[in-house]
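Q: I'm new to reading protein structures. Could you walk me through strands and salt bridges?

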Amino acid sequence: MPGRTVAKLATVSAVIAASVLAVAPTAHADLVTHCIGTGGAVTVPNDLLVPAGESCALTGTTITGNVTVAAGANLVVAGGRVSGEVRVAADGYLDATATTIDGQVVLAAGGYGVFLKDASSGNVTVRPKGTATVDSFLFVEESTIVGTVTAGAGEVRLDRGTQVQRNVSSIGTYYTDVHDSFVDGTLSVLNSATGSVVCGSAVRGRATFAGNLGGVQLGPNGTLDSCASGGYWGTDVSVTSTTGGVTVDDNIINGQLTVTGNDPAAQVAANNRIRGGVTGDQAAAGTNRAARVAVPDRDEAGDERAELRRTSAVQEATAAGTARL
């Protein structure tokens with residue numbers, strides 16, 4: 001992945017384990033499995049909790065209830081299944097590879113991050129940062145979101161064949177990018193600090209980009225990120241009140257393109273196919289498609305953080321030893 005994302009995420013191979021604590025305040029209370037460490041393929045017949053500050057690495061595990069990742073905790077799941085939802089607290093981290101989550105995934109305000117690869121889940125929500133010091137991230141690769149993606153903070157990237165079956169909405173993120181993915185609903189990116197890039201993707205519903213400070217790049221030949229191709233837009237696209245530059249290149253838009261209130265004016269290349277025409281102010285786009293603008297590394301320090309967190313999560317879980325499940 002380009003330097004705009006936490007692209008250096010390595011493939012993690014982990015074994016599972018969990019230490020079990022049955023909590024029964026009343027005769028009717030459900031048991032809760034506490035997971036600390038590593039272990040093997042088992043079925044957890046109830047809810048699962050990763051306690052605060054602990055790490056849990058699971059491979060091939062089936063969890064029949066809900067999962068809670070407490071404050072500062074790490075959960076790494078490979079080849080697993082969660083019948084319920086996953087909730088990640090402040091400074092918590094979820095890493096799910098080749099895993100099915102039947103319910104929603106919710107990252108609390110100040111949550112460290114969520115990484116989904118070759119996975120499936122219900123709605124995915126990243127809560128607004130608020131007063132938290134940690135800025136979250138959501139990275140999704142080769143995955144299916146059976147619902148919506150709603151993000152209110154941090155770095156957001158949908159990539160490598162990811163499919164979102166409903167809407168994608170972000171407000172106040174650091175950036176929201178969509179690469180080589182499909183959104184079967186609307187796409188809305190508002191008030192992003194460093195803007196939005198959409199390349200090689202298809203969006204079936206209306207697309208709205210407004211109030212973004214760092215620019216908007218739809219297709220290649222922009223200054224925000226590198227990519228090879230534009231995208232398909234099923235209906236109208238609107239890019240308004242954006243600073244930092246707007247480029248629209250190599251896209252098929254089955255509707256109208258609106259570009260108003262942008263500073264500088266949007267660059268709309270002649271190679272776009274826009275069925276409903278263009279309204280608003282636009283500047284002439286560059287014509288030399290071979291001369292791509294070099295893409296700067298926008299946050300090299302930040303690019304390392306998810307890889308470090310994932311590595312740390314597995315190391316901590318392994319150090320905790322095989323659990324008593």
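Here is a short chat about strand pairing and charged pairs in this predicted model.

Q: Let's begin with strands. Which strand does β25 join, and in what sense do the two run?

A: Look at β25 (residues 187-190) and β28 (residues 207-210): they run parallel, joined by 4 bridges. To see one of those contacts, find Ser-188, whose bridge partner in β28 is Thr-208.

Q: And what does β28 pair with in the parallel sense over 4 bridges?

A: That's β31 (residues 237-240). Here you can pick out Ala-210, which has Thr-240 in β31 as its bridge partner.

Q: Now the charges. Why do some side chains pair up?

A: The general idea is that side chains of opposite charge can pair when their charged atoms come close. In this model there are 9 salt bridges. Lys-117 makes one with Glu-141, with the closest N and O atoms 3.4 Å apart.

Q: What about Asp-236 and Arg-206, how far apart are they in the salt bridge?

A: That one is 3.4 Å, N to O. Asp-236 lies in the loop between β30 and β31, and Arg-206 in the loop between β27 and β28. Asp-236 is partly exposed at 27%, and Arg-206 is partly exposed at 39%.

Notes
Residues numbered from 1 in each chain as written. Predicted model: local features only at pLDDT ≥ 70, side-chain atom pairs only at ≥ 80, totals over all residues. Heavy atoms only, no water. Pairing = 2+ DSSP bridges. Salt bridge = Lys/Arg side-chain N within 4 Å of Asp/Glu carboxyl O. Buried < 20%, exposed > 50% of the residue type's maximum accessible area, 1.4 Å probe, protein only.
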